[in-house]
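Hi,

Here's the structure I promised to pass on. Have a look at it first, then read my notes below.

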Amino acid sequence: MKNYFLKILLSVAMIGGLSFNYSGSPYSYSIEDVVTAMNTGNANQLSHYFDKMVEITLHDKSSSYSRRQAEIILKDFFHSYGVEAFRIVHKGSNSGSEFCIGNLQTKYGEFRTTIFMITRSQKQVLQEIRFEEN
């Protein structure tokens, strides 16, 4: 009897947990989450939104990187320049994909930043990020 009660309690808890985790949206996160990470210069948090490969344009050089490589490059960039704030200038969407253009303010100047996210496997992922010195 004790085991039966325990199984029912466990089943109810699991079903309840699943229903609370379902957001009703096919996307786990949005460009707003990326903007939050950009605003604090948190490359680790930003890496949670990366696609398998991320295109990064920085100092007129562009290349595709794995998630881990992209995180290291952005961590170094954010640390070297000292991120102070990120301000959105324009954002939009097209067929489930999102983009954002903003200004990344650092201790050493401002970078016009463009972020592209696409829908992959029912969630938004960051596919490309460009930094252009103003």
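One term before we start: a polar contact is a pair of N or O atoms within 3.5 Å, and within protein one of them must be able to donate a hydrogen and the other to accept it. Also keep in mind that this is a predicted model.

With that in hand, go to Thr106. A polar atom of the Thr106 side chain sits 2.7 Å from the backbone oxygen of Gly109. You'll find Thr106 in strand E4, which covers residues 97-106. Is Thr106 buried or exposed? Its relative accessible area is 1%, and buried means anything under 20%, so Thr106 counts as buried. Leaving out neighbours within four places in sequence, Thr106 is in contact with Tyr81, Gly82, Val83, Glu84 and Phe111.

Now for another spot. Glu32 belongs to helix H2, residues 31-40. With a relative accessible area of 34%, Glu32 is partly exposed, because that value falls between the 20% and 50% cut-offs. Glu32 and Cys100 are 68 residues apart along the chain, yet their C-alpha atoms are separated by 9.4 Å.

And the whole chain? It has 4 helices and 6 strands, and from the N terminus they go α-α-α-β-β-α-β-β-β-β. There are 134 residues, of which 33% count as buried. The chain exposes about 8600 Å², with carbon and sulfur atoms supplying 54% of that. If you take the contacts between residues at least 6 apart in sequence, 44% of them join residues at least 24 apart.

Cheers

How values were computed:
Residues are numbered from 1 along each chain as its sequence is written. This is a predicted model: local features need pLDDT of at least 70, side-chain atom pairs count only at pLDDT 80 or more; totals for chains, interfaces and linings use all residues. Side-chain values use heavy atoms; hydrogens and water are left out. Helices (H or I, at least four residues) and strands (E, at least two) are DSSP runs, numbered from the N terminus. Buried means under 20% relative accessible area, exposed over 50%, partly exposed in between (1.4 Å probe, protein chains only). Contact means heavy atoms within 4.5 Å. Accessible areas come from the Shrake-Rupley method with a 1.4 Å probe; for residues, only the protein chains shown count as cover.
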